[in-house]
Amino acid sequence: MMQTAAPGAINNKMNQQFNHVQSAHCESGVVSNLLRHNGLQISEPMAFGIGSGIFFGHLPFVKVNGIPGTTYRIWPSGILNKVCKRLGVQVHSEKFSNPQKAMAALDQAVAANIPVGMQSSVYYLPYLPQAYRFHFNAHNLVVFGKEGNEYLVSDPVMEGPAKIDPESLAQARFAKGYPEPKGRMYHVSHVPSQVDFRKPVKQGIEQTCNFMLKVPFPMLGIKGIRYLSKKIVKYPELGERKAALFLGNIIRMQEEIGTGGAGFRFMYAAFLQEAGIKLQNDELRNLAQSLTAVGDEWRNFAFEAGRVCKARTVDQNAFVNLSQLLMHVAEGEQQFFTKLSKVKL
C-alpha cells in the first residue's frame, strides 16, 4: 500500500515535459495527470474514488441554461480537494478579479514550467467540436506551456494536446453563469515522499456511501434519484417542447458531461477493482461487478429517454415507463451502496 513519490517541493525540471493522458472525466483526469506529472502515480479511477466523486442530485432551483440541474458527481473542485487532502498533497489555488491579472499569473507559471489546472467554460474552447461547446462552466483542463502566442492545453476529453489563443482562454476562464470560474487556477506545490493509499481509499468509500445513503435532503443521493423519477412523470404537463428540453438535459448531464451517470458507475467499479487489489479485499472486487450492472441500467434509461426525446412525444405512458426505469436504478444503487457501506476496510 505504501508508494514512494517524488519527495518534497516540486522540481521544476520535471515540468518541462507534460504527459497528456486522455481521461473519462475532466476533474479526475486533471488530478491524476497533475499528480503523475509530479511523481505520484495514481490512476484516474483511483483519484475519482478517493475523491468521493460519485454522487447524485436533482436541483430544480439550480438552473443550467434555464433548465433544472441534474448532477452525477460532487461539486466542482471537490474531487481535487479531497484527493489532495487525503493523500497529503499540497495544492496552491487562486481566483482573480479580472482577466488581465489571471492571464499574467498564468504566464508567470508557464515561464516557470509549472503546469496549472484551471476551471473553464467549454463554450469558449475553440479546439472542441462545435457539438460539445455549450455553456457549462465546470470544465477542468491543464495549461502546460506556450508556443508563440498560443497556450498548450492538456484537456482530458481530447486524444492529444491542443492549442488555444489567449482571448478564447480568457473568455473561458471568466465565463458568466453558475458556477462562475473567476479565473480559478491551481497547481501542485508539494507531494509527500511516501503515500499509503489504505486510509484514503477507506475515507473515500465511507464518504461516498454517506453521500448516497444518508444525506437527509430528498433531492440528493439515492433519495434524489427517486425524487427525479417522480418529477419525470409530470413532464408531459410542461408541453412537448419543455418536456423534451428537461428530459434532454438529464441525458446530456448523464452521457455527455464528463462520463455522467452510467460512466461514473463504470469508473467507480474500476476504482473498486483497483482498491480491492491494493487492500487485498475480495469483497470490493466482487462489488465492482454489481456496480457495472447498475451502470448498464443507467445506460438503458438514457437510451429509452433518448427515444422519447427524438419522438417529441408527451405520451404519458412513455414517461411512466421512464419513471419506472429510474426507480429500478435507484433500487439497484440502494442495494449496492448498502453492501459497500458494510465492507470491512
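Good morning. I begin with the side chains of E333 and R265, which meet in a salt bridge at 2.7 Å, N to O; the term denotes a side-chain nitrogen of Lys or Arg within 4 Å of a carboxyl oxygen of Asp or Glu. E333 lies in helix α11 and R265 in helix α9 (residues 260–279), so the pair ties together parts that are 68 residues apart in sequence. Helices here are DSSP runs (H or I, at least four residues), as are strands (E, at least two), numbered from the N terminus.

A word on the source: this is a predicted model, in which local features need pLDDT of at least 70, side-chain atom pairs count only at pLDDT 80 or more, and totals for chains, interfaces and linings use all residues. Residues are numbered from 1 along each chain as its sequence is written, and side-chain values use heavy atoms, with hydrogens and water left out.

Is E333 buried or exposed? E333 is buried, at 0% relative accessible area, and R265 is likewise buried at 0%. Buried means under 20%, exposed over 50%, and partly exposed in between (1.4 Å probe, protein chains only).

How many salt bridges are there by this rule? The count comes to eight. Among them, R226 pairs with E331, the closest N and O atoms being 3.6 Å apart. R226 lies in helix α7 (residues 221–232) and E331 in helix α11 (residues 316–341), so this pair ties together parts 105 residues apart in sequence.

Finally, I turn to helix α5, residues 166–173. Six of its eight residues are buried, including P166, L169 and R173.
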